[in-house]
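This briefing is for a reader who is new to the structure shown here.

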There are 2 protein chains.
Amino acid sequence: MTDDGIATSRNTPATLHDVAREAGVSLATASRSLNGSTRKVNEEYRKRVLEAARRLDYSPNLSAQAVARGTTTTVALLVADIADPYFSSIAAGVVAEADRERLIVTMAATERDPERELELVRTLRGQRPRVMILAGSRPMSDPTGGALGEELEAYERSGGRVVLISRNEFDFRTVIVENSAGAESLARELVGIGYRRFAVITGGEGLRTAADRVAGFRAGLAATGGTLDDDDIIRAAFTRDGGYDGMRELIERGLGEVELVFAANDVMAVGALSAIRDAGLEPGTDVAVAGFDDIPTVRDVTPALTTVRVPLEEIGCRALRLALGDEEAANEGAVRTEVVLRPSTPPRS
Amino acid sequence: MTDDGIATSRNTPATLHDVAREAGVSLATASRSLNGSTRKVNEEYRKRVLEAARRLDYSPNLSAQAVARGTTTTVALLVADIADPYFSSIAAGVVAEADRERLIVTMAATERDPERELELVRTLRGQRPRVMILAGSRPMSDPTGGALGEELEAYERSGGRVVLISRNEFDFRTVIVENSAGAESLARELVGIGYRRFAVITGGEGLRTAADRVAGFRAGLAATGGTLDDDDIIRAAFTRDGGYDGMRELIERGLGEVELVFAANDVMAVGALSAIRDAGLEPGTDVAVAGFDDIPTVRDVTPALTTVRVPLEEIGCRALRLALGDEEAANEGAVRTEVVLRPSTPPRS
DNA sequence: CTGTTAGCGCTTTCAC
DNA sequence: GTGAAAGCGCTAACAG
């Protein structure tokens, strides 16, 4: 072993040991100077260590730190689909907040498959993340037979924090979105501007989020005299194509008296808009459309989409703060939503 | 220390040690049974270990494994903005491929700030990721004075692999996108359907990707007789709002003879569409618009947007395969793009 | 304030 | 085939 003491181009990163040797101090002193320790270090030594670290291009091995400290700086985020604007906006919020807290985010996609989700939670647990954030609702009846819940509980028992976004299936901290109340307000406002007969396109089989939105919408109609026949509730995939297909189905079977179609989220609503147009109808004029979420693109479709705004990035940010035990975040209550009327639902009469 | 031998609700995860004890075998045997070792383990022991692991709800500590093995199962991904569909689609591809390779992805956002990018690379290096993927072009003239390049080189020297997506600034493996050729084809096709006078809205100050697209577009026009005045090249932020602002500027100064506006990416084009409409003009009719990327939403705006398709998810996937040394990926050459004509550029005359 | 040393949880020689 | 033991890179008592 030729020890030339110079930063040669080795093919393994410099270790703290190398830095200590280079600086002529002990491991402990090197460690203390490089990372915020409570202990004070002689300014002279400190400088020498920092200088040596720079020379050797030292970068602390986070895995080793994690093992030694017994705690990581990692946050795990699970979403249904990264390319979906709903999730990517939430993710952006989580990543931004994590960055502020000098935490690192690892991300995985469940592709809306509960089995996969369980599998991912298991894998990710190996990282010993400080926090695990699960976004995206899953079926209300758990097809994995409670295995996910158990896994998450085990994770919390071992010191982790799980936060759910808009899915109150378990007893974990949750960022609650006013899905029901928001949809109810939307229904009221729509009736207020003259709509009476509605149809709904929603996600398949009792997804919690979707179900809440539909229930809220229904309640709003009930209170104000709007009509929604059970037959006019279409189920489809909770995606753009689902919205497209649902709308086409609705058109094919005949819109009848329906004046406005409420899609349980914006990506579906956008798909519905295209289906309407592809059927030779004029959205907004022949049939009005409303969505939920206020994803960025709904301002740019035509007609611009009426929706319920939910502050997606903020939700991501809050989820993390909640997990980190932020007092404020814990006391803020449900995330406020807000109805945004746009040309896709022009006032009627 | 009460050692009752039962999986009590401790508040620290079970270790391999615990499993070994529970199974009555040595640490080594437990390790060998749980992870694919070359060594053979007596079937009887193996079963006992697996059973014990299950009972204790054991999950291997990835950090510890990383330290012991000297290698991680992590991939780091840097993008400009997670909520931007261009990047989130690429990210989805990376995550999907990583999942296939049983790798974990950590993600960070540079927010288009070179300083931040450098900072993030430094931090992420601490993870000792096997691979680092950088997406999103940065200014051609490096404001960090080559520091990023040095950092990345140091990372590769220490055994990592960096892959750049569509940014050939350094000598690293790169997923090359036919930005120039794609834009050139687009120009040719547009001239082919009757357009003659063009304007361009592009990203600020020499972003590589933007510059290539504009250059290609220009070349296509030059070859076919289309006209693009230097005055009609507008610079704005490489975002939806940038596109909106750029278009508004163009309209305010007077479109003159301009028949078609080419935006250097789809999000800008979508913003431009809205600006046109907000100015009381009809996109497609009064002025045609074309973009680049073929992000999902461009099918749903009105009129649907002419663009150059680039297979975003595939790019993410390829980036990772390239990093992992996949022969095929290395030999596939540039990522093919394809012109997609849609109603935002109706045939003229 | 500094250095020695015993871990952290896991892998991997190396003997048996 | 199995186990004891020596690390991996780093931190945190613990003495000096």
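The buried residues of α9(A) are Thr209(A), Ala210(A), Arg213(A), Val214(A), Gly216(A), Phe217(A), Gly220(A) and Leu221(A); buried means under 20% relative accessible area, exposed over 50% and partly exposed in between, with a 1.4 Å probe and protein chains only. They cover an arc of only 160 degrees around the axis, which puts them on the same side of α9(A); the arc is taken from the directions from the helix axis to the C-beta atoms. This is a predicted model, in which local features need pLDDT of at least 70 and side-chain atom pairs count only at pLDDT 80 or more, while totals for chains, interfaces and linings use all residues. Residues are numbered from 1 along each chain as its sequence is written, chains are lettered from A in the order in which they are written, and side-chain values use heavy atoms, without hydrogens and water.

**Helix α9 of chain A**

- Elements that cover the buried residues of α9(A) include α8 (179-192), β6 (197-203), β7 (227-236) and β8 (260-263) of chain A.
- Helices (H or I, at least four residues) and strands (E, at least two) are DSSP runs, numbered from the N terminus.
- After α9(A) comes Gly225(A), with a positive phi near 95 degrees.

**The two chains**

**Salt bridges**

- Over all chains there are 66 salt bridges, each a side-chain nitrogen of Lys or Arg within 4 Å of a carboxyl oxygen of Asp or Glu.
- Arg240(A) pairs with Asp300(B) in a salt bridge, with the closest N and O atoms 2.5 Å apart.
- This pair crosses between chains, from helix α10 (residues 240-252) of chain A to the loop between β9 (288-290) and β10 (307-309) of chain B.
- Both Arg240(A) and Asp300(B) are buried.
- Asp294(A) and Arg309(A) form a salt bridge at 2.8 Å, N to O.
- Asp294(A) is buried, with a relative accessible area of 14%, whereas Arg309(A) is partly exposed at 32%.
- A network of salt bridges links Glu314(A), Arg318(A), Arg321(A), Asp326(A) and Glu332(A).

Definitions and conventions
Contact = heavy atoms within 4.5 Å.
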